[in-house]
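Please go through the fold below by question and answer.

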Amino acid sequence: MTQEAAVIRVMLVDDQILMREGLRKLLEIEPGIEIAVSAAGGEEALTWLASTVDGGRPQVALVDARMPGMDGVELVARLRARFPEVAPVILTTFDDDDYIFGGLRAGAKGYLLKDIPPDELVAAIRRAARGETVLGGAASERLVALLRAAPAQLPAQLPVTPPREPPGGLSDREYEIALLIGAGASNREIARGLHITEGTAKNHISSCLRKLGLRDRTQLAVWVSRHASANGSGPGDAAG
């Protein structure tokens, strides 16, 4: 791979000019990262993208959550719909559930707080450009807390029929288990509910991670939140 091909182009979207300029100066000195454009809001960002040829568009967009006119969640949704080649990462001061889960449901590839160390921000940009999900500590903690809140309701929610077409190349059983991971089930709860051993449950989870190119259960839960509703299935509605 040539040096030019390895360059990651980044879009900055933040209504605070000091934040935009600070991020620009921080990232411009990083090898392999180039600031494609900085925009003061969602409409400006979308207009610039629409007027730019494919090769000039960024691979990653750092998007503030709270902005006048169009907030970060709405911008993320529009980016994913119109410019799916751009990986939006929300970078904000707000660790609010509506922004965290709203952003992830809208298609954000990550959620980070602005107090993130510079080296971790650079690493997150590189990972997002590779298609990975990047979650800061606050977002990870909220997601885990949400998942842990659901298991008590799982036995009545276990799917009895497989989805009509499992996404991601998963088998019916693998997708069934992925849905339960998305609802917060532990390996023991999955094993009891599906009448399989914990070892078998672990093997299915490992297979899901391998097929989807994911690293852990948290990333699998995020994947489920994005794909289950689109596929017309979920832990709560499959049992009918």
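Q: At what angle do H9 and H10 pack, and how far apart are their axes?
A: This is a predicted model, in which local features need pLDDT of at least 70 and side-chain atom pairs count only at pLDDT 80 or more, while totals for chains, interfaces and linings use all residues. Residues are numbered from 1 along each chain as its sequence is written, and side-chain values use heavy atoms, with hydrogens and water left out. Helices (H or I, at least four residues) and strands (E, at least two) are DSSP runs numbered from the N terminus, and axes are lines fitted to C-alpha atoms, for helices over the stretch in contact, with angles from 0 to 180 degrees between N-to-C directions. On that basis H9 and H10 pack at about 110 degrees, with axes 8 Å apart.

Q: Are H9 and H10 roughly parallel or roughly perpendicular to each other?
A: Angles under 35 degrees count as roughly parallel, over 145 as roughly antiparallel, 65 to 115 as roughly perpendicular and the rest as oblique. The angle between H9 and H10 is about 110 degrees. The two helices are therefore roughly perpendicular.

Q: Which residues of H10 do Asn187, Arg188, Ile190 and Ala191 in H9 meet?
A: Contact means heavy atoms within 4.5 Å. By that criterion, the four residues of H9 meet Glu198, Ala201, Lys202 and Ile205.

Q: Which helices do the buried residues of H9 pack against?
A: Buried means under 20% relative accessible area, exposed over 50%, and partly exposed in between (1.4 Å probe, protein chains only). In H9 (residues 187-194), Asn187, Ile190, Ala191 and Leu194 are buried; they lie on the same side of H9 because they cover an arc of only 100 degrees around the axis, taken from the directions from the helix axis to the C-beta atoms. These buried residues pack against H8 (172-182), H10 (198-212) and H11 (217-227).

Q: Is Ile205 buried or exposed?
A: Ile205 is found in helix H10. Leaving aside neighbours within four places in sequence, Ile205 is in contact with Ile177, Ile181, Asn187, Ile190 and Arg217. At 6% relative accessibility, Ile205 counts as buried.

Q: What is the order of the six strands in the open sheet?
A: Two strands pair if DSSP finds at least two bridges between them. The pairing in this sheet is parallel, and the order is E2-E1-E3-E4-E5-E6. The edge strands, each pairing on one side only, are E2 (33-39) and E6.

Q: Which residue in E3 is the bridge partner of Leu12?
A: Strand E1 (residues 8-13) pairs with E3 in the parallel sense over four bridges. In E3, the partner of Leu12 is Leu62.

Q: How many residues of E4 are buried?
A: Ala87, Val89 and Leu91 point one way from E4, Pro88, Ile90 and Thr92 point the other way, and all are buried. In a regular strand the side chains alternate between the two faces of the sheet. The buried count for E4 is six of its six residues.

Q: Which residue in E5 stands opposite Val89?
A: E4 (residues 87-92) and E5 (residues 110-113) pair in the parallel sense over four bridges. Opposite Val89 stands Gly110.

Q: What is the handedness of the β-α-β unit made by E5, H6 and E6?
A: A crossover is right-handed if, with the strands pointing away from the viewer, the path from the first strand over the helix to the second runs clockwise. E3, H4 (residues 72-82) and E4 make a right-handed unit, and E4, H5 (residues 97-106) and E5 make a right-handed unit. The unit of E5, H6 (residues 118-129) and E6 (residues 134-135) is left-handed.

Q: How far apart in space are Asp115 and Leu91, C-alpha to C-alpha?
A: Asp115 is found in the loop between E5 and H6. At 64% relative accessibility, Asp115 counts as exposed. Asp115 and Leu91 are 24 residues apart in sequence, and their C-alpha to C-alpha separation in space is 9.4 Å.
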